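Hi,

Here is the structure I promised to pass on.

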Amino acid sequence: MKLETNDTFAITWNAEKHKARIFRKALWDDKCKQWISKKGEKLLTYFDLDQNDYRTAKNYSIIYDVENERLS
């Protein structure tokens with residue numbers, strides 16, 4: 001999936017720090033990016049609509065996509 005500016009989506013991953021599965025509503029903008037770490041882990045920096053700030057998820061899954069519409 002190619003994310004474009006102003007796309008909204010949901011993301012989920014297993015957070016080692018919290019020992020829990022995390023689910024967040026997110027927005028893709030020009031500060032967001034996807035990359036592979038030196039350890040080979042899939043990373044995504046996104047704008048977290050719940051926390052109103054940028055976050056990075058490791059080994060994530062994008063589970064929902066809404067074009068040009070914010071999740072409510």
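R24 is partly exposed, with a relative accessibility of 23% (buried means under 20% relative accessible area, exposed over 50%, and partly exposed in between, using a 1.4 Å probe and protein chains only). Keep in mind that this is a predicted model, where local features need pLDDT of at least 70 and side-chain atom pairs count only at pLDDT 80 or more, while totals for chains, interfaces and linings use all residues. Residues are numbered from 1 along each chain as its sequence is written, and side-chain values use heavy atoms, with hydrogens and water left out.

So who does R24 pair up with in a salt bridge? The partner is D48, and the closest N and O atoms are 3.0 Å apart. (A salt bridge here is a side-chain nitrogen of Lys or Arg within 4 Å of a carboxyl oxygen of Asp or Glu.) R24 sits in strand β2 (residues 20-27) and D48 in strand β4 (residues 42-48), so this pair ties together parts that are 24 residues apart in sequence.

The structure holds 4 salt bridges. Another one joins K58 and E41, with 3.5 Å between the closest N and O atoms. K58 belongs to strand β5 (residues 53-58) and E41 to the loop between β3 (33-36) and β4, so parts 17 residues apart in sequence are tied together. Both ends are partly exposed: K58 has 26% relative accessibility, and E41 has a relative accessible area of 21%. These two are also part of a network of salt bridges that links E16, E41 and K58. Then there is R55, whose side chain meets that of D53 in a salt bridge of 3.4 Å, N to O. R55 is partly exposed at 30%, and D53 is partly exposed at 37%.

On to the overall picture. The protein has 0 helices and 6 strands, and from the N terminus on its elements simply run β-β-β-β-β-β. (Helices, H or I with at least four residues, and strands, E with at least two, are DSSP runs numbered from the N terminus.) Of its 72 residues, 36% count as buried. The protein exposes about 5,100 Å², and carbon and sulfur atoms supply 43% of that (Shrake-Rupley method with a 1.4 Å probe; for residues, only the protein chains shown count as cover). If you look at contacts (heavy atoms within 4.5 Å) between residues at least 6 apart in sequence, 38% of them join residues at least 24 apart.

β4 and β5 are worth a click. They pair in the antiparallel sense over 6 bridges (two strands pair if DSSP finds at least two bridges between them). They form a hairpin with 4 residues between them, and N52 in the turn has a positive phi of about 55°. K58, from the salt bridge with E41, turns up here too, as the bridge partner of L43.

How buried is L44? Its relative accessible area is 0%. L44 is found in strand β4, and its C-alpha atom is 5.8 Å from that of K33, which is 11 residues away along the chain. Leaving aside residues up to four places away in sequence, L44 touches a list of residues including L3, F9, I11, W28, W35 and Y60.

Now the rings. A search of the whole structure finds 2 aromatic pairs. W13 and Y46 are both buried. F47 and Y54 are edge-to-face as well, at 5.1 Å and 75°. F47 is buried, with a relative accessible area of 15%, whereas Y54 is partly exposed at 27%.

Cheers

Notes:
Rings of Phe, Tyr and Trp (its six-membered ring) pair if their centres lie within 6.5 Å; planes under 30 degrees apart count as stacked, over 60 as edge-to-face and the rest as tilted.
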